[in-house]
Amino acid sequence: MNDKDTPFHRFQRAGGNEQQLLLLGTALRESPQLSSMSTRARDAGDFTWLSLLDSGTRSGQYSGYYREIGLHSDVLKGPINQKNLDLLTNVFAHELSHALDRREMSDFSNAIERDAYDLAARPGPRDATNLVREYIDKGRVQESRAEIAGVNAVADRMRNEGSETVTESALTKRLLDSGSSELVYTSEDGFRFKPGIRFDPASQSVPVTPENIE
């Protein structure tokens, strides 16, 4: 992809304003992990467009067909501060994870479609329960991996600040402060991830393990 024809240049030409571009640039610069995800997805051709979502309740979405990431306008507004950058980093990394999984998900969907046609061609009663369950389970795994990617991109931002060791309490507080509360709860001991989600102090992140995905 030409350096002058990235998703960000296209976003600018489509009407992205200076503040939105500054937020994006700062988020990418302050999280090497987010920047790496963006570069890999762009270089692989799985992230070619960036657009604004002006309606709906989603903070972001990814279209594998158009290879496009949409970010809600609320995620790209306001001053360049910790709260707004944490939110943008989390949402953007989540959608970039889907972009990086595009080929795997496309191959899986094609295989499921072939199996569905084969099942439909069989005579007599047909039961597609297992196919539907397999498709739903795959989607849940991909969504969980994307959630973890968003969390870990915020942890990477914190490490890159160089001001503190990333602890579970500090990371979950940052997630809560930026409006990402789905995986966080407040206990008597402070902020924590919800039961079943294990934070690894050594890597200062949430590992992509079967247990955390589940």
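1. A definition to begin with: a residue is buried at under 20% relative accessible area, exposed at over 50% and partly exposed in between, using a 1.4 Å probe and protein chains only. Serine 31 is buried by that rule, because its relative accessible area is 0%. This serine sits in the loop between α2 and α3. Contact means heavy atoms within 4.5 Å; beyond its neighbours within four places in sequence, serine 31 is in contact with Thr89, Ala153, Asp156, Arg157 and Asn160.

2. A word on provenance. The model is predicted, so local features need pLDDT of at least 70 and side-chain atom pairs count only at pLDDT 80 or more, while totals for chains, interfaces and linings use all residues. Numbering runs from 1 along each chain as its sequence is written, and side-chain values use heavy atoms, with hydrogens and water left out.

3. Now the overall layout. Helices (H or I, at least four residues) and strands (E, at least two) are DSSP runs numbered from the N terminus. The protein chain has eight helices and five strands, in the order α-α-α-β-β-β-α-α-α-α-β-β-α. Its C-alpha atoms fill a box of roughly 65 × 50 × 30 Å along the principal axes. Of its 214 residues, 43% count as buried.

4. Which residues of α2 are buried? They are Gln20, Leu23, Leu24, Thr26, Ala27 and Leu28, and their cover includes α1, α3, β1 (49-53), β3 and α4.

5. Buried here are Leu34, Met37, Ser38, Ala41 and Arg42. Viewed down the axis, these buried residues fall within an arc of 125°, so they line one face of α3; the arc is taken from the directions from the helix axis to the C-beta atoms. Among the elements covering them are α1 (7-13), α2 (18-30), α4 (82-100) and α6 (129-161). After α3 comes glycine 45, with a positive phi near 80°.

6. How do α2 and α4 cross? Their axes come within 10 Å and cross at roughly 75°, where axes are lines fitted to C-alpha atoms, for helices over the stretch in contact, and angles run from 0 to 180 degrees between N-to-C directions. The two helices are therefore roughly perpendicular, a label for 65 to 115 degrees (under 35 is roughly parallel, over 145 roughly antiparallel, the rest oblique). Leu24 and Leu28 are among the α2 residues that meet α4, where the partners include Leu88 and Phe92.

7. Finally, the cores. A nonpolar core is a set of buried Ala, Val, Leu, Ile, Met, Phe, Trp, Tyr and Cys residues joined through side-chain atoms within 4.5 Å. The largest has 26 residues, of which Leu24, Phe47, Leu71, Leu88 and Phe92 touch the most other members. At least two residues each come from α1, α2, α3, β3 (68-72), α4 and α6, and α4 gives the most, with eight. A second, separate core of 14 residues includes Ala155, Met158, Phe199 and Val206.
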